[in-house]
Amino acid sequence: MTDVRYFWHQASVPADLEVTQVYGYLICPDTARVLVQDDAGTFNLPGGSPEPFDDGIEATLVREAFEENQVRVTASAYLGYQEVHRSGLTPYAQVRMVGLIGSFAERQPDPDGGRVYRRLMTSLAEAPQVLGWGEPAVAQAKAAAQVAEELWGVAVGTPAPTGYVD
């Protein structure tokens, strides 16, 4: 088993740390729920690897959110990064962002692998438990809630009940 350690930082990614993934807490402004993609019982945030043609991390998030979950992201903000240490590998960064969902399109297969993800919409308070990521996810969700409330006026403390948007 590979030894993996995660360290959450609400700061800019250091120049010497490679960004390998960009994930987002994507919030529906109408329901104040966050999207957690469901891959047959394995849960994750929308996101993925930056590509050379992406014009920054915001573009990576927008592209990946649509490819994986067919949601259009209308606004986004940087939250921080998770520093990942794996045995025998150079440490790397996984960026975390928060964004607003502008619309949901019909679900389609992800071009990278052909899977069709279900779109579980839950509260930011419940997302860390659904994801199973422990304390780093709790801190990330709190940061996402703060930005969503302060920047966009989304009342994330009173979301609609958890449910799927399929």
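Which residues does Gly 99 touch, not counting residues up to four places away in sequence?

1. **What you're looking at.** This is a predicted model, in which local features need pLDDT of at least 70, side-chain atom pairs count only at pLDDT 80 or more, and totals for chains, interfaces and linings use all residues. Residues are numbered from 1 along each chain as its sequence is written, and side-chain values use heavy atoms, with hydrogens and water left out.

2. **Overall fold.** You'll find three helices and nine strands in the protein. Helices (H or I, at least four residues) and strands (E, at least two) are DSSP runs, numbered from the N terminus. In sequence order the pattern reads β-β-β-β-β-α-β-β-β-α-α-β. The C-alpha trace spans about 45 × 35 × 35 Å along its principal axes. For 166 residues, a compact globule would have a radius of gyration near 15 Å, and the protein agrees, with 15 Å. That radius is taken over C-alpha atoms, and the globule rule is 2.2 Å times the number of residues to the power 0.38.

3. Of the 166 residues, 43% count as buried. Here buried means under 20% relative accessible area, exposed means over 50%, and partly exposed is in between (1.4 Å probe, protein chains only). The protein exposes about 8,200 Å², with carbon and sulfur atoms supplying 50% of it; accessible areas come from the Shrake-Rupley method with a 1.4 Å probe, and for residues only the protein chains shown count as cover. As for contacts (heavy atoms within 4.5 Å), take those with a separation of 6 or more: residues 24 or more positions apart account for 70% of them. There are 11 positive and 22 negative charges, and their mean positions are 5 Å apart. Lys and Arg count as positive and Asp and Glu as negative, while His and the chain ends are not counted. Each charge is placed at NZ of Lys, CZ of Arg, CG of Asp or CD of Glu.

4. **Gly 99.** Back to the opening question: Gly 99 touches Tyr 25, Leu 26, Ile 27, Val 73, Ala 75, Ser 76 and Trp 152, not counting residues up to four places away in sequence. Gly 99 lies in strand S7 and counts as buried, at 0% relative accessibility. Thr 122 is 23 residues from Gly 99 in sequence and 15 Å away in space, C-alpha to C-alpha.

5. **The cores.** A nonpolar core is a set of buried Ala, Val, Leu, Ile, Met, Phe, Trp, Tyr and Cys residues joined through side-chain atoms within 4.5 Å. The largest one has 24 residues, of which Tyr 25, Ile 27, Leu 79, Val 98, Leu 124, Val 154 and Val 156 touch the most other members. Two or more residues of this core come from each of strands S2 (19–27), S3 (34–39), S6 (71–86) and S7 (92–104), and from helices H2 (127–131) and H3 (135–152). H3 gives the largest share, seven residues. Another core, of 12 residues, lies apart from it, with Leu 35, Val 73, Val 95 and Ile 101 among its members.

6. Most residues other than glycine have a negative phi. Ala 32, though not a glycine, has a positive phi of about 60 degrees, and Ala 40 has one of about 50 degrees. Ala 32 sits in the loop between S2 and S3, and Ala 40 in the loop between S3 and strand S4 (42–44). Buried or exposed? At 5% relative accessibility Ala 32 counts as buried, whereas Ala 40, at 79%, counts as exposed.

7. **Two arginines in loops.** Arg 33 is also in the loop between S2 and S3, and at 11% relative accessibility counts as buried. Not counting residues up to four places away in sequence, Arg 33 touches residues including Met 121, Thr 122, Pro 159 and Val 165. Its C-alpha is 9.6 Å from that of Val 154, 121 residues apart along the chain. Arg 115, in the loop between S7 and strand S8 (118–122), counts as partly exposed at 36%.
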